[in-house]
Amino acid sequence: MAITFDKALGIHQHALEARVKRAEVLANNLANADTPGFKARDMDFQAMMQKAQDSMSGFGMEKTHPGHMDTSAGASDSDLLYRVPNQPSVDGNTVDSQAEQTRFMRNAMDYQASFQFLNSKFTGLTKALKGE
Amino acid sequence: MSLGNIFDIAGSGMTAQSLRLNTTASNIANAETASSSTDTTYRARKPVFSAIQQSMLNPGQQAFGAQGSEDAGAGVRVEGIVESEAELQMRYEPNHPAANADGYVFYPNVNVVEEMADMMSSSRSFQMNVDIMNTAKSMMQRILTLGQQ
């Protein structure tokens, strides 16, 4: 049985990656808080994790070229979705900056949690190697 | 790591907001600049914002099968600055040095109250982008400590 980093680290590395992507999308929403006609976006975190889990289980097809099509479950609907606004402004912008900022902060906290888990995995591996 | 993109996005937001603050400053400074004809009168200036898409930055990488909705976006940019079409204020001031033959002077179409509100909005948005950048920075610093005891 070969020990690989992929198996040892579990889902946390994918979670961390997804959090970074989401932070990017939310930062873009906030940068465009005053752009007329801009539609706020967010990603379906559950779908992303599902995709990561599928690829980890070994049944998913790997994409080794940008031209390869995505064959995993839920590939038909994209990760990036448009937000349904509570009250869109007159200029067609759907960014609610307070709500977006809250989400960004929460995403940063979730990132920290994922990081903590990943770090503990590494600490565990180090301990196992040292035999402490 | 795409955390670096957040710096670009927040940076573009800060650039756009500071330009908006610049136009506001210019408008307020020139709110009382009178002139003798409609052509030479100062008009309120407004920036036009538009969203940048990542596919716009590197069009070559837009591969087959990649939909536009996969694009996370890459911040905001200023398309240009437009002058307000609102009507100029015409005042009868025969003693004004710039008064025309009929004794009228033209004042800019700057709405000072609107400009003040714009100023508050842009400084808040600027602050928000700074916060984003700080958070991205601490996220990046944390990733550097991965695996340390």
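Helices α1(B) and α3(B) are roughly antiparallel to each other (angles under 35 degrees count as roughly parallel, over 145 as roughly antiparallel, 65 to 115 as roughly perpendicular and the rest as oblique). The model is predicted, so that local features need pLDDT of at least 70 and side-chain atom pairs count only at pLDDT 80 or more, whereas totals for chains, interfaces and linings use all residues. Residues are numbered from 1 along each chain as its sequence is written, chains are lettered from A and ligands numbered from 1 in the order in which they are written, and side-chain values use heavy atoms, with hydrogens and water left out.

The two helices of chain B span residues 3–29 (α1) and 112–144 (α3); their axes come within 9 Å and cross at roughly 160°. Axes are lines fitted to C-alpha atoms, for helices over the stretch in contact, and angles run from 0 to 180 degrees between N-to-C directions. The crossing of α1(B) and α3(B) is left-handed; a crossing is left-handed if the near helix is turned anticlockwise from the far one by less than a right angle, and right-handed if clockwise.

Chain B contains three helices and four strands (DSSP runs numbered from the N terminus: helices are H or I with at least four residues, strands E with at least two). The order of these elements along the sequence is α-β-α-β-β-β-α. Chain B has 149 residues, of which 34% count as buried (under 20% relative accessible area; exposed is over 50% and partly exposed in between, with a 1.4 Å probe and protein chains only). Of the contacts in chain B between residues at least 6 apart in sequence, 70% join residues at least 24 apart, a contact being heavy atoms within 4.5 Å.

K46(B) is part of strand β1 (residues 45–51) of chain B. Residues up to four places away in sequence not being counted, K46(B) touches N27(B), G80(B), I81(B), V82(B), E114(B), E115(B) and D118(B). Between K46(B) and Y104(B), which are 58 residues apart along the chain, the C-alpha separation is 27 Å.

Chain A has four helices and two strands, arranged from the N terminus on as α-α-β-α-β-α. Of its 132 residues, 37% are buried. Contacts in chain A between residues at least 6 apart in sequence join residues at least 24 apart in 77% of cases. K7(A) belongs to helix α1 (residues 5–9) of chain A and is exposed, with a relative accessible area of 66%.

Helix α3(A), residues 45–57, has 13 residues and reaches 18 Å from its first C-alpha to its last, close to the expected 18 Å; the expected span of a helix is 1.5 Å times one less than its number of residues. M48(A), M49(A), K51(A) and A52(A) are the buried residues of α3(A). Viewed down the axis of α3(A), these buried residues fall within an arc of 155°, so they line one face of the helix; the arc is that of the directions from the helix axis to the C-beta atoms. Their cover includes α2 (12–31) and β1 (41–43) of chain A. The axes of α2(A) and α3(A) are 10 Å apart and the two helices pack at an angle of about 145°, in a right-handed crossing. On the α2(A) side, H14(A), A15(A), A18(A), R19(A) and K21(A) meet F45(A), M48(A), M49(A), A52(A) and M56(A) of α3(A).

Helix α4(A) has 34 residues, which should span 50 Å at 1.5 Å a residue; its end C-alpha atoms are 49 Å apart, in agreement. Among its buried residues are F104(A), N107(A), A108(A), Y111(A), F115(A) and L118(A). The elements that cover the buried residues of α4(A) include α1 and α2 of chain A together with α1 and α3 of chain B. N107(A), in α4 (residues 97–130), is buried with a relative accessible area of 1%. Apart from neighbours within four places in sequence, N107(A) is in contact with R19(A), R22(A), A23(A) and L26(A). Just after α4(A), G131(A) takes a positive phi of about 75°.

Between the chains, the axes of α4(A) and α3(B) come within 11 Å and cross at roughly 5°. That makes α4(A) roughly parallel to α3(B). The contact is formed by S97(A), Q101(A), F104(A), M105(A), A108(A), Y111(A), Q112(A) and F115(A) of α4(A) with M128(B), D131(B), I132(B), T135(B), M139(B), R142(B) and I143(B) of α3(B).
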